Amino acid sequence: MSTPCCVSQMACCCGSAACSLCCDCCPKIRQSTSTRFMYALFFLLTTAVCVIMMSPTVERAMRDHIPFYTDMCDKLNAGENCEKLVGYSAVYKVCFGAACFFFIFAVFTLRVRTSTGCRAAVHNGFWFFKFLALIGCCAGGFFLPDQDKFLEVWRYVGAAGGFLFLLIQLMLLVDFAHRWNQNWTSGVEYNKLWYAALALVTLVLLTVAVGALAFMAYFYTHPKACNLNKIFLGLNGSLCLFTSLLAISPCIQRLKPTSGLLQSGVISVYVMYLTFSALSSKPIETLIENGINRTVCTFPFNSGAQSDNKIVTGVGTVILLGCVLYSCLMSTTRTSSTALQVFRSTSPENERARCCFCFGQDEDECEEQEELKRGGQAVIYDEKGGTIYSYSFFHFVFFLGSLYVMMTVTNWFHYDNAKIEKLLEGSWSVFWIKMISCWVCLLLYMLTLVLPILCPRRFEGTEA
């Protein structure tokens with residue numbers, strides 16, 4: 001590592017300079033983007049720690065391979081086999097610290113309008129000290145008095161904050177679907193290949209949604225049992241079909257010409273995943289056939305290994321990180337804030353079609369900015385004229401995201417005896433939370449289609 005790059009990294013960790021990579025080949029990065037990614041890194045580290053704490057494999061590995069494990073747990077007052085350092089209670093305490101960290105910064109950065117003040121400097125730099133503060137907050141949760149009462153109260157706080165974050169996530173998913181179709185449609189006028197790409201992606205999405213529905217109908221239904229599964233599969237499949245037909249109906253197309261099957265394809269795939277996750281989370285159902293009590297409506301593979309839960313966990317982890325990062329990083333930009341009504345929507349007539357449209361810059365942010373290069377990646381200081389996103393709202397979204405991760409990792413359930421293995425057991429509460437999320441997502445999407453008809457003056461000259 002060169003000396004200028006070392007100086008740059010020190011200025012980033014201990015000062016207000018923007019962070020960058022020690023590589024000349026990397027493209028330029030904006031200060032605002034660098035700051036958001038650093039906070040996202042903090043968030044990912046906290047999430048990884050929570051996932052590790054809820055892993056039965058990690059608990060067994062620690063117990064089997066760490067010498068003097070029992071003695072160490074006694075000295076730390078962590079309970080038998082360090083039960084206070086693993087399981088749902090440990091996740092609650094770590095997420096409590098992360099939530100406090102982001103909430104403090106949300107209050108600290110209230111009404112910050114310029115990047116030249118001391119509060120903005122703390123927000124954009126001093127990463128080493130903020131990392132130590134995050135560790136201190138997370139560790140402090142393990143020393144709270146009356147922890148049983150804390151866990152009970154914090155569970156309700158987490159459920160409320162997690163549900164609010166889920167609403168923001170669903171709103172941004174709908175907004176993402178509209179922006180995708182809107183951006184690629186704008187390129188059709190200049191190049192017909194954009195139309196081919198649009199048609200291909202739409203066909204793939206609808207095929208995946210139909211295939212997922214058929215998959216669940218085959219494995220999660222039974223001629224003599226699982227009537228609830230049949231009802232919800234038929235209901236969710238019908239709602240997805242209804243929204244697809246509504247999106248291409250003449251009345252919608254007249255007021256919202258950018259509406260199409262791409263958006264409904266994105267929503268349908270996500271709803272099918274939530275449906276699959278809900279059915280996999282439901283308590284097992286049995287049926288007596290020929291005097292034998294058999295488990296029905298589950299995966300036939302690896303009998304007894306709960307392979308469906310493994311698939312849900314794997315796919316769900318990827319979707320969770322993707323949705324959380326998109327919600328936390330994109331919910332603070334001017335473009336994506338349209339979905340949250342933070343900024344007024346504008347016409348996309350001059351928007352340039354891009355494959356990676358999510359990473360495009362807003363029109364009012366494309367002016368030349370001061371560029372600084374100390375060795376390695378060049379940094380563009382794009383907030384010299386003022387902040388381009390709300391610092392306080394940015395931290396508040398991460399605060400809600402911490403609560404959402406806490407509830408998701410612990411499966412939205414309170415375990416009285418703090419056994420990690422119960423994470424893999426079915427739960428009606430988890431089933432209903434995920435099923436209701438399907439309907440909320442579909443309702444939000446239908447509202448974006450119907451509201452321009454019900455309130456034409458409100459949406460006149462705008463695109464959702």
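Colleague: Which residues make the nonpolar surface patch of about 620 Å²?
Modeller: First, this is a predicted model, where local features need pLDDT of at least 70, side-chain atom pairs count only at pLDDT 80 or more, and totals for chains, interfaces and linings use all residues. Residues are numbered from 1 along each chain as its sequence is written, and side-chain values use heavy atoms, leaving out hydrogens and water. A patch takes residues with over 30% relative accessible area and no salt bridge, joining like charges within 9 Å and nonpolar side chains (Val, Leu, Ile, Met, Phe, Trp, Tyr) within 5 Å; a salt bridge is a side-chain nitrogen of Lys or Arg within 4 Å of a carboxyl oxygen of Asp or Glu. Here the nonpolar patch is made by Leu41, Leu45, Phe128, Phe129, Phe131, Leu132 and Ile135.

Colleague: Which element gives the largest share of the nonpolar patch?
Modeller: Helices (H or I, at least four residues) and strands (E, at least two) are DSSP runs, numbered from the N terminus. Two helices give two or more residues each to the patch, H2 (31-53) and H7 (127-140). The largest share, five residues, comes from H7.

Colleague: Why does Leu45 count as partly exposed?
Modeller: Leu45 sits in helix H2. Buried means under 20% relative accessible area, exposed over 50%, and partly exposed in between (1.4 Å probe, Shrake-Rupley method, only the protein chains shown count as cover). Leu45 is partly exposed because its relative accessible area is 42%.

Colleague: And Asn229, is that residue buried or exposed?
Modeller: Asn229 lies in helix H10 (residues 227-247). Leaving aside neighbours within four places in sequence, Asn229 is in contact (heavy atoms within 4.5 Å) with Tyr220, Leu279, Lys282 and Cys297. With a relative accessible area of 2%, Asn229 is buried.

Colleague: How many residues of H12 are buried?
Modeller: Helix H12 covers residues 261-281 and reaches 30 Å from its first C-alpha to its last. That's close to the 30 Å expected, where the expected span is 1.5 Å times one less than the number of residues. H12 is mostly covered, and its buried residues come to 19 of 21.
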